[in-house]
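This report walks through one protein model, from its surface to its inner spaces and a few selected residues. Please keep the sequence and the 3D view open while reading.

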Amino acid sequence: MLLIALKMLISDRTKYLGIVLGLTFASFIISQQSAIMVGIVNRTFGFITDTSQPTIWVTDPTVQYIDDIKPLKDTDLYRVASVPGVDWAVPLYKGTIQARLHDGTFQTCVFIGIDDATFIGEPPVMLEGSIDDLRIDGGIIVDKVGASTKLATKSGPLRVGDEMELNDNRAVVVGICSVSRTFQSQPVVYTTYKRATNFVPAQRKLLSFVIARPLPGIDPHEVCRNITSITGLRHILHGR
């Protein structure tokens with residue numbers, strides 16, 4: 001029976017090659033679509049993995065995912081910092097802003113403001129410049145892909161020393177970084193938290209997240225439970 005089955009399969013070479021090619025193409029499509037799905041999923045949490053210093057993210061209780069930002073009150077930062085077991089807690093801004101390049105074109109960018117004093121939340125990899133250059137008046141750091149594509153002009157990619165306008169505020173590029181691609185594939189711009197809140201339109205609440213870390217030797221799950229019970233805010237434990 002096995003011999004008959006093999007003869008039926010390979011005796012007609014045209015049909016046999018058609019079956020092999022069909023299976024090969026189907027396997028390629030399955031692998032390709034799986035890779036696309038994994039790539040898209042990775043983009044949804046890339047910002048969290050890039051921000052590796054904190055292990056606890058504190059958000060509004062109704063937040064459902066990283067881009068579902070519901071601002072907190074400024075006082076929430078101090079409430080989280082005072083919770084027993086918290087080593088440090090700093091503010092983080094995440095939003096979007098319109099960038100106007102020197103040739104007059106506009107581009108929406110992901111805008112991130114990190115702690116002014118410690119630079120916690122900084123880009124994972126600096127390719128040009130230094131994170132300390134953010135102390136320069138109007139200093140911003142742009143991701144490499146955005147600088148060479150959507151923020152590029154006819155004169156070439158965006159470079160250190162170039163200027164642009166962010167919501168009618170002068171900004172100067174002081175560094176180029178490498179970050180995970182965003183879900184919308186928009187350029188990523190880093191600056192200090194205070195500068196970010198001054199650049200974006202005025203609102204009553206601008207604190208996107210409080211990022212924190214527990215004291216060494218303290219169970220982070222216990223710290224998270226304390227944060228929720230004392231402040232009523234939602235916590236996300238990362239890196240554990």
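## Surface and burial

The model is predicted. Of the 240 residues in the protein, 40% are buried.

## Overall form

How many helices and strands does the protein have? The secondary structure comes to 6 helices and 10 strands. Along its principal axes, the C-alpha trace spans about 80 × 55 × 30 Å. The radius of gyration is 24 Å, whereas a compact globule of 240 residues would come out near 18 Å.

Contacts reach across the sequence. Take the contacts between residues at least 6 apart in sequence: 71% of them join residues at least 24 apart.

## The largest pocket

The largest pocket has a volume of about 300 Å³. Its lining is made up of 22 residues, and the closest to the pocket centre are D67, K94, V110, T182 and Q184.

Which element gives the most to this lining? It is α2, with 5 residues. The helix covers residues 13-50. β2 (86-100), β3 and β8 (188-192) each supply at least two residues too. By class, the lining of the largest pocket holds 9 nonpolar, 8 polar and 5 charged residues.

## The enclosed cavity

Rolling a probe the size of a water molecule over the atoms shows where empty space is left. In the whole structure, the search finds 1 cavity of 30 Å³ or more. About 70 Å³ of space lies in the largest cavity.

The lining of the largest cavity consists of 13 residues. Nearest its centre are D143, V145, R181, S185 and Q186. The class count for this lining is 4 nonpolar, 6 polar and 3 charged residues.

## Two positive phi angles

F119 is not a glycine, yet it has a positive phi of about 60°. The residue sits in the loop between β3 (106-114) and β4 (125-128). Is F119 buried or exposed? F119 counts as buried because its relative accessible area is 5%, and the cut-off for buried is under 20%.

D168 is another residue with a positive phi, about 65°, and it is not a glycine either. D168 lies in the loop between β6 (163-166) and β7 (169-178). Its relative accessibility is 69%, so D168 counts as exposed, the cut-off being over 50%.

## E163 in strand β6

E163 belongs to strand β6. With a relative accessible area of 40%, E163 is partly exposed. Which residues does E163 touch, not counting those up to four places away in sequence? They are R170, A171 and V172.

For a distance across the model, take E163 and L207. The two are 44 residues apart along the chain, and their C-alpha atoms are separated by 26 Å.

## K70 and D60 in one loop

K70 is placed in the loop between β1 (56-59) and α3 (75-81). D60 also lies in the loop between β1 and α3. K70 has a relative accessible area of 28% and is partly exposed. D60 has 17%, and is buried.

Leaving aside neighbours within four places in sequence, K70 is in contact with D60, T62 and V63.

Where do K70 and D60 stand relative to other parts of the chain? K70 and E122 are 52 residues apart along the chain, with 22 Å between their C-alpha atoms. D60 and V41 are 19 residues apart in sequence and 23 Å apart in space, C-alpha to C-alpha.

Note on methods. Residues are numbered from 1 along each chain as its sequence is written. This is a predicted model: local features need pLDDT of at least 70, side-chain atom pairs count only at pLDDT 80 or more; totals for chains, interfaces and linings use all residues. Side-chain values use heavy atoms; hydrogens and water are left out. On a 1 Å grid over the protein atoms alone, a cavity is a set of points where a 1.4 Å probe fits but cannot get out, and a pocket is an open set with protein on both sides within 12 Å along at least five of seven lines; lining residues have an atom within 4 Å of a point. Grid points are joined across faces, edges and corners, and a volume is the space filled by probe spheres set on the points. Ala, Val, Leu, Ile, Met, Phe, Trp, Tyr, Cys and Pro count as nonpolar, Asp, Glu, Lys and Arg as charged, and the others, Gly among them, as polar. Helices (H or I, at least four residues) and strands (E, at least two) are DSSP runs, numbered from the N terminus. The radius of gyration is taken over C-alpha atoms; the globule rule is 2.2 Å times the number of residues to the power 0.38. Buried means under 20% relative accessible area, exposed over 50%, partly exposed in between (1.4 Å probe, protein chains only). Contact means heavy atoms within 4.5 Å.
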